[in-house]
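Work through the exercises below with the sequence and the model open side by side. Each task is followed by a solution in steps.

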Amino acid sequence: MSENKGASYKPYIPADRIVPELTVTSILLGILLAVVFGAANAYLGLRVGMTISASIPAAVISMGIIRFILRKDSILENNMVQTIGSAGESLAAGAIFTLPALFLWAEEGKIETPSMLTITLICLVGGLLGILFMIPLRQALIVEEHGVLPFPEGTACSEVLLAGEEGGSKAGAVFSGLGIAALYKLLTDGFKFWPSEVGHDIKFFKGSSLGMQVLPALAGVGYICGPKISSYMFAGGTLSWFVLMPVIALFGADATIFPGTEVINTLSPGTLWGTYVRYIGAGAVATGGVISLIKSFPMIVRTFKATMSTFGKKKGDQPAALLPRTQQDLPMPLVIGLVLALVLLIWLLPTFPVNPLGALLVVVFGFFFAAVSSRMVGLIGSSNNPVSGMAIATLLATTVLLKVTGTAGTKGMVGAIAIGGIICVVAAIAGDTSQDLKTGFLVGATPRKQQVGEIIGCIASAISIGYVLDLLNRAWGFGGTEIPAPQGMMMKMIVEGIMNAQLPWGLIFIGVFVAIVIEILGVPVMPVAVGMYLPFSLSAGIMCGGVIRWFVEKRTKDNEKLNKEAVERGTLYTSGLIAGEGLMGILLAVFAVAHLDIDFSSKFSIGQVGALIMWLLMLATLVYVCFGKKNLKSIAKKSDVRYDGDQSDE
């Protein structure tokens, strides 16, 4: 039945109609957005441990530029821009989970600082494998199961493209958020006219500290994640900073406890978190990843079997060149040849510290997780795809196998991270590619051109991501306050724990069993665990965005159309906030590395009270964008507002 639905589906652009698609404009604009969203997501992920999908913002920006500035009208050209642009986000998501471990070991003097070539090749190989593995699965997942697999983000992106006449105002929301966040970030963390974090230690409750980071990206993350996920992260931060840390301070007292080297009573809350609670949080995060993988395992087995059962199905007896335009993939001999070439490169190039077994593991784990990731995002969406769980499983298996086969010590740790990095990128970009191909299927794109576009975006992002990681590390150092790099730190701990057994396992096991208790209570483990791992001030900032999302949904719940429009405007605006802060953060990192001092705090500063006022004003812009002028007036007049339904921002 699903096969008939896919075979009979009539896309927006018919197969017999040829329109501009893979053009110079779409390639250049797509590459620009791939680099921009890749860099912004790398910064965001290293700071708060999560990334945002770039497909819809990229599509909206593309429509605003191509349709309203260049005066061109091609939905497939816009689709190609988002296809290329979203590759940067997914590649960055895979890279930041694992590769910071290499920089951390270099900082400890165990290895040399990874070269740009090393980072680029790991990202490039992982990205290309993820795309190539997805190509033979397209017919099975996108066409044969059309109507069965919803592909939420891919379908939503197609709806945005089809509503192209709205692209100008929507693009304005993204660009407004980008500009406001960039300026805000420059004023607070650049010129330091006000602090980006407010709060103080609670003296009568030793070990605790109340604070909040007042930055646009955090509000954006909270809004996009929604009130539930934000509250789970906030709960995790509350557990760490108002339960675990005070308990350590109370019972530790005058003792010195490993891995700390100083008396507990002398430690500030920040040091308590960095010395002890971060390990507890890491144990909880790792357990959350494993739990998500275990819970998904029956689905993983079913989806892999279902995918393989339709794998290689013929599209007909026609040669590929005679197939309709909307059914043409890259030739299978080329795909197989490129996969084999990449495997040989992994084995032979000294850039990859892996043996033939490691190269084989990359292929086995890579194809398995690519198939699983591609189908699971079709079922439950990209945000619920257990990429971190897949990465943890890969690291556990590869580290153990490398150790028992003689590749131990530092060489084994680097090899495990290299393999884990490739697999993590494979899983992330395979899911993104399947969403993009679903969008293309719905609007009538040419699959092989989209696949070429994915490869172009992957190459551009792989080249840039190494420089971004190196820049951020040189500016502030991974694992610090500015960029905690939660997943990278966790992956480092896992590999070191297996290879050297030098970790404070007592603290890690506390985190393990806290996660198990959370799971028993029926609460999603991962957001709570991430909240435990990160500073409370981050979770508090994210919670503000979640509260605004809750307020928007509550005030518009009686009008479905207005609810959808308000939430969508807010999502686009907050995507701009996140991108704007990320890009300005990278620019500030350039200033830091170049030793350019733009700190004016000694001459002028509005202090913590001023910081809270500026934060509230920034949050007010989000509320304004969501509701628009007329709706805000209605809300101000009465508490139980009734909407006419068709009100605009004008």
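**Exercise 1. List the residues that line the largest cavity, then sort them by element and by class.**

Solution. The lining consists of Arg138, Thr326, Leu437, Gly440, Phe441, Ala445, Pro447 and Gln450, where a cavity is a set of points on a 1 Å grid over the protein atoms alone at which a 1.4 Å probe fits but cannot get out, and a lining residue has an atom within 4 Å of a point. Two elements, helix 15 (409-443) and helix 16 (447-476), each give two or more residues to this lining, and helix 15 gives the most, with three. By class, the lining has four nonpolar, three polar and one charged residues, with Gly counted as polar. The volume is about 50 Å³, taken as the space filled by probe spheres set on the points.

The model is predicted, so local features need pLDDT of at least 70 and side-chain atom pairs 80 or more, while totals for chains, interfaces and linings use all residues. Residues are numbered from 1 along each chain as its sequence is written, and side-chain values use heavy atoms, without hydrogens and water.

**Exercise 2. Decide how many residues of helix 5 (residues 100-107) are buried, and find what they pack against.**

Solution. Seven of the eight residues are buried, meaning under 20% relative accessible area with a 1.4 Å probe and protein chains only; they are Pro100, Ala101, Leu102, Phe103, Leu104, Trp105 and Ala106. These buried residues pack against helix 2 (24-48), helix 4 (75-98), helix 6 (116-134), helix 15, helix 16 and helix 17 (486-500), with contact set at heavy atoms within 4.5 Å. Just after helix 5, Gly109 takes a positive phi of about 85 degrees.

Methods: On a 1 Å grid over the protein atoms alone, a cavity is a set of points where a 1.4 Å probe fits but cannot get out, and a pocket is an open set with protein on both sides within 12 Å along at least five of seven lines; lining residues have an atom within 4 Å of a point. Helices (H or I, at least four residues) and strands (E, at least two) are DSSP runs, numbered from the N terminus. Buried means under 20% relative accessible area, exposed over 50%, partly exposed in between (1.4 Å probe, protein chains only).
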